Amino acid sequence: MKIAFIGLGNMGGGMAANLVKAGHEVAAFDLSEEALVAAKSNGCATFTSASEACDGAEAVVSMLPNGAIVKSVYSADVIGKAPAGAVFLDCSTIDVATAREVISLAETGGYEMVDAPVSGGIAAANGGTLTFMVGGTASAFERAKPILEAMGKAVIHAGDAGNGQAAKICNNMLLAIHMAGTCEAFSMAEKLGLDAQTFYDISSVSSGQNWSMTSYCPVPGVGPQSPSDNDYQGGFATALMLKDLRLAMEAADSADAPVPMGARAAALYEDFNGAGNGGLDFSAIIKTL
Ligand code: NAD
């Protein structure tokens with residue numbers, strides 16, 4: 001299948017390469033010359049505009065920084081430029097409202113489109129092991145699914161347009177809350193004279209057990225290998241967690257959903273990021289306690 005791919009950064013570069021490996025003909029565009037050179041070396045054909053990449057494409061995949069860019073790229077260079085009947089897949093993490101708006105613009109233009117944000121970082125993008133949470137009609141989902149399967153290990157239909165983004169930000173808000181809570185519990189245990197390993201041994205088989213503790217422990221040397229064992233390098237950067245928390249707060253406001261714990265976690269990550277820790281893994285927030 002001929003697939004246009006727009007946005008070949010840290011994530012999109014590996015994802016486009018996996019489409020090539022799956023036998024697709026990938027027409028790539030990015031504003032960055034460096035990203036285009038890398039895409040070419042991975043077997044993509046490269047173009048000097050998104051609209052040229054979309055010429056003759058049966059599907060368009062995008063992996064872009066934010067909602068404003070997604071809307072402008074689709075409005076100016078994809079809708080009306082890609083052949084009638086092409087299916088669009090936006091894999092960027094963006095706000096729910098813009099995702100719904102862009103899908104509606106695409107549908108008005110006669111195209112089917114899904115929002116398909118991912119769980120998993122750069123290693124999963126390179127390794128083809130991302131999880132996709134997909135919003136859109138059943139028909140758009142069925143068309144998008146085989147393309148997404150070439151880039152991931154799980155593809156889940158979350159419901160109507162925008163629901164992929166809704167699933168992503170609700171999940172990451174919950175992750176921020178239980179990471180912050182896990183950090184607090186370990187820190188308090190230590191201050192009460194309880195050693196971290198002992199607390200882990202008890203809590204990991206008790207009702208406080210959660211993913212931040214047992215798969216991603218913020219205390220070095222406790223639990224399976226995680227970024228805390230590597231001085232909080234690699235993993236899921238605080239700046240990216242904060243991006244998702246800001247989107248979550250925006251969505252909560254617009255849906256009038258009370259999120260007192262999410263708001264507190266967002267405030268903690270705003271402060272931690274503002275103190276120059278944006279590049280550290282998000283579990284490093286334990287350093288503030
Ligand atoms: P990135 O900044 O590395 O890549 C974005 C790419 O988009 C860049 O190469 C940039 O040049 C390109 N771009 C920007 N504007 C463009 C335009 N108008 N036309 C064409 N190309 C344009 O970012 P990333 O880490 O690859 O993240 C991409 C998306 O994936 C974001 O929405 C992010 O939130 C999401 N995400 C990232 C991670 C991660 O670990 N990096 C994990 C999950 C989700």
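Student: What is the handedness of the crossing of α11 and α12?

Tutor: A crossing is left-handed if the near helix is turned anticlockwise from the far one by less than a right angle, and right-handed if clockwise. In this predicted model, the crossing of α11 and α12 is left-handed. Helices (H or I, at least four residues) and strands (E, at least two) are DSSP runs, numbered from the N terminus.

Student: At what angle do helix α11 and helix α12 pack?

Tutor: Two packed helices are described by the angle between their axes and the distance between the axes. Axes are lines fitted to C-alpha atoms, for helices over the stretch in contact, and angles run from 0 to 180 degrees between N-to-C directions. Helix α11 (residues 238-255) and helix α12 (residues 260-277) pack at about 145°, their axes being 9 Å apart. The contact (heavy atoms within 4.5 Å) involves residues including Leu242 and Arg246 of α11 and Tyr269 and Phe272 of α12. By class, this contact has 10 nonpolar, 4 polar and 2 charged residues, where Ala, Val, Leu, Ile, Met, Phe, Trp, Tyr, Cys and Pro count as nonpolar, Asp, Glu, Lys and Arg as charged, and the others, Gly among them, as polar.

Student: How do the axes of α8 and α11 cross?

Tutor: The axes of α8 (residues 163-191) and α11 come within 9 Å and cross at roughly 115°; this crossing is left-handed. Among the residues that meet are Ile169 and Met173 in α8 and Leu245 and Ala248 in α11.

Student: What area is buried between domain 1 and domain 2?

Tutor: Domain bounds come from an automatic or database domain assignment, which here gives domain 1 (2-160) and domain 2 (166-288). Buried area is the accessible area (1.4 Å probe) that two parts lose on being put together, summed over both. It is about 700 Å² between domain 1 and domain 2, with carbon and sulfur atoms giving 66%. In domain 1, Thr93, Val96 and Met133 lose the most area to domain 2, together 55% of what that side buries.

Student: How many salt bridges does the structure hold?

Tutor: Side chains of opposite charge can pair when their charged atoms come close. With a salt bridge taken as a side-chain nitrogen of Lys or Arg within 4 Å of a carboxyl oxygen of Asp or Glu, the structure holds 5. Between domain 1 and domain 2 the count is 0.

Note on methods: Residues are numbered from 1 along each chain as its sequence is written. This is a predicted model: local features need pLDDT of at least 70, side-chain atom pairs count only at pLDDT 80 or more; totals for chains, interfaces and linings use all residues. Side-chain values use heavy atoms; hydrogens and water are left out.
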